[in-house]
Amino acid sequence: MSERAPPARSLRAAIADVLAIAVPQGHVLACRALVRDWRGGRLAHDFAGYLPDAPARPAKPQLLRPGAMPRRGRGSTAGRIALLHALAHIEYVAIALALDMAGRFGADFPRAFVDDWLGVAADEAMHFALLDRRLRSLGSHYGAMPAHDGLWQSARATAGDALARLAIVPMVLEARGLDVTPPTIERFAAAGDMASARILTRIYQDEIRHVAVGTKWFNWGCARAGLVPESHWQMLVNQGFRGSLKPPFNDSARSTAGLTQLYYAPLATPDATLHTQGSAGSMPETA
Ligand SMILES: [Fe+2]
Ligand SMILES: [Fe+2]
């Protein structure tokens with residue numbers, strides 16, 4: 001009798017284990033190991049079992065409501081560190097958002113859906129690691145200051161509907177990152193911080209691909225259900241996204257990702273350019 005290989009673990013169970021790790025460095029390492037296991041055929045395309053509503057929270061950073069966040073001085077070193085910290089937090093939450101996408105909705109899609117979202121999770125883990133390393137080289141680290149709560153709100157609100165999740169997380173929030181990242185890169189470059197500018201340039205290029213992955217699977221799901229993608233997207237965003245879609249939009253990066261103006265132009269806030277001076281308006285919601 002030949003020995004049979006032990007049954008591969010369920011992908012969802014493996015993702016749940018990663019989401020339960022509350023120590024940031026451990027969470028990042030476990031995410032990378034999970035992606036390697038998936039690519040190496042050591043996890044089953046299987047979605048039996050429990051996925052938590054939200055990832056485990058690290059003890060630090062302290063999470064505050066967006067309105068309660070301390071103001072950042074623009075241009076100063078402290079201001080740049082605070083901005084890098086805010087971006088690191090977004091990337092940290094984005095790891096769990098990508099894992100949750102694969103583990104919660106993978107059964108509704110072809111296997112390539114999981115390939116794509118675990119690839120996104122690996123990118124987010126790398127983005128977080130780059131930013132945390134940059135913070136450390138500036139004498140800080142992830143967790144050294146408060147971060148804003150609420151990045152998981154959109155995940156909770158869309159946990160029951162894959163198309164709503166795709167419409168809002170990659171196609172609204174990550175697309176917003178495409179709008180605000182180029183001016184942020186310019187801010188770092190203008191301050192002479194080329195190391196941070198290079199990291200954000202790398203992140204920006206990856207994020208175009210993340211929006212493209214979201215748009216591709218959204219369109220796939222709409223085609224299967226016989227829905228018109230643009231109008232269904234508008235309906236889901238109106239229903240499930242509390243914020244507004246604020247210009248200026250990075251139309252060229254968005255359309256490179258397949259997210260054309262046919263989706264978002266009808267929902268754009270017409271006078272929002274008058275209101276983008278505040279710190280909340282200049283921050284991406286997720287990356
Ligand atoms: Fe991303
Ligand atoms: Fe990212």
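These exercises work through a predicted model of one protein chain.

## Exercise 1. Confidence

**Task.** What is the mean pLDDT of the protein, and over which residues does pLDDT stay under 50?

**Solution.** 
- Step 1. Take the average. The mean pLDDT is 91.
- Step 2. 90% of the residues reach 70 or more.

## Exercise 2. Overall build

**Task.** How many helices and strands does the protein have, and in what pattern do they follow along the sequence?

**Solution.** 
- Step 1. Count the elements. There are 10 helices and 4 strands.
- Step 2. Read them along the sequence. The pattern is β-α-α-β-β-α-α-β-α-α-α-α-α-α.
- Step 3. Compare with a globule. The radius of gyration is 19 Å, close to the 19 Å that the globule rule gives for 287 residues, so the protein is as compact as a globular protein of that length.
- Step 4. The C-alpha trace spans about 70 × 45 × 30 Å along its principal axes.
- Step 5. Look at burial and contacts. Of the 287 residues, 42% are buried. Among contacts between residues at least 6 apart in sequence, 81% join residues at least 24 apart.

## Exercise 3. The largest nonpolar core

**Task.** Which residues of the largest nonpolar core touch the most other members, and which element gives the largest share?

**Solution.** 
- Step 1. Size the core. It holds 77 residues.
- Step 2. List the contributors. Two or more residues come from each of α1 (11-19), α2 (24-39), α3 (77-105), α4 (111-137), α6 (162-190), α7 (194-225), α8 (229-240) and α10 (261-264).
- Step 3. The largest share, 19 residues, belongs to α3.
- Step 4. Zoom in on Met171. Beyond four places in sequence, Met171 contacts Leu166, Val211, Gly214, Thr215, Phe218, Trp233 and Leu259.

## Exercise 4. The buried side of α1

**Task.** Which residues of α1 are buried, and what do they pack against?

**Solution.** 
- Step 1. Name the buried residues. They are Leu11, Arg12, Ala14, Ile15, Val18 and Leu19.
- Step 2. Look down the axis. These residues cover an arc of only 160°, which puts them on the same side of α1.
- Step 3. Recall helix geometry. An α-helix has 3.6 residues a turn, so residues three or four places apart point the same way.
- Step 4. Find the partners. The buried residues of α1 pack against β1 (9-10), α2, β2 (43-44), α3 and α4.

## Exercise 5. Helix α4 and what follows

**Task.** How far does α4 reach, and what phi does Gly139 take?

**Solution.** 
- Step 1. Take the span. α4 has 27 residues and reaches 40 Å from its first C-alpha to its last. That is close to the 39 Å expected at 1.5 Å a residue.
- Step 2. Just after α4, Gly139 takes a positive phi of about 85°.
- Step 3. Go on to His141. His141 lies in the loop between α4 and β4 (147-148). With 16 C-beta neighbours inside 10 Å, His141 counts as partly exposed.
- Step 4. Find its contacts. Beyond four places in sequence, His141 contacts Asp132, Leu135 and Arg136.
- Step 5. Reach across the sequence. His141 and His85 are 56 residues apart along the chain, with C-alpha atoms separated by 7.6 Å.

## Exercise 6. Cis peptide bonds

**Task.** What omega does the cis bond from Lys60 to Pro61 have, and what omega does the one from Pro247 to Pro248 have?

**Solution.** 
- Step 1. Recall the background. Most peptide bonds are trans.
- Step 2. Take Lys60 to Pro61. This cis bond has omega near 5°. Pro61 sits in the loop between β2 and β3 (63-64).
- Step 3. Take Pro247 to Pro248. This cis bond has omega near 0°. Pro248 sits in the loop between α8 and α9 (251-256).

## Exercise 7. Exposure and distance

**Solution.** 
- Step 1. Count neighbours. Ala68 has 10 other C-beta atoms within 10 Å. The cut-off for exposed is 12 or fewer, so Ala68 is exposed.
- Step 2. Take the distance. Ala68 and Val169 are 101 residues apart in sequence and 23 Å apart in space, C-alpha to C-alpha.
- Step 3. Gln25, in helix α2, lies 103 residues from Phe128 in sequence and 9.7 Å from Phe128 in space, C-alpha to C-alpha. With 13 C-beta neighbours inside 10 Å, Gln25 counts as partly exposed.

Terms used
Residues are numbered from 1 along each chain as its sequence is written. Chains are lettered from A and ligands numbered from 1 in the order in which they are written. This is a predicted model: local features need pLDDT of at least 70, side-chain atom pairs count only at pLDDT 80 or more; totals for chains, interfaces and linings use all residues. A nonpolar core is a set of buried Ala, Val, Leu, Ile, Met, Phe, Trp, Tyr and Cys residues joined through C-beta atoms within 7 Å. A residue is buried if 20 or more other C-beta atoms lie within 10 Å of its own, exposed if 12 or fewer, and partly exposed in between; C-beta atoms are placed from the backbone. Two residues are in contact if their C-beta atoms, placed from the backbone, lie within 7 Å. The radius of gyration is taken over C-alpha atoms; the globule rule is 2.2 Å times the number of residues to the power 0.38. The arc is that of the directions from the helix axis to the C-beta atoms. The expected span of a helix is 1.5 Å times one less than its number of residues. pLDDT is the predictor's confidence in each residue, from 0 to 100.
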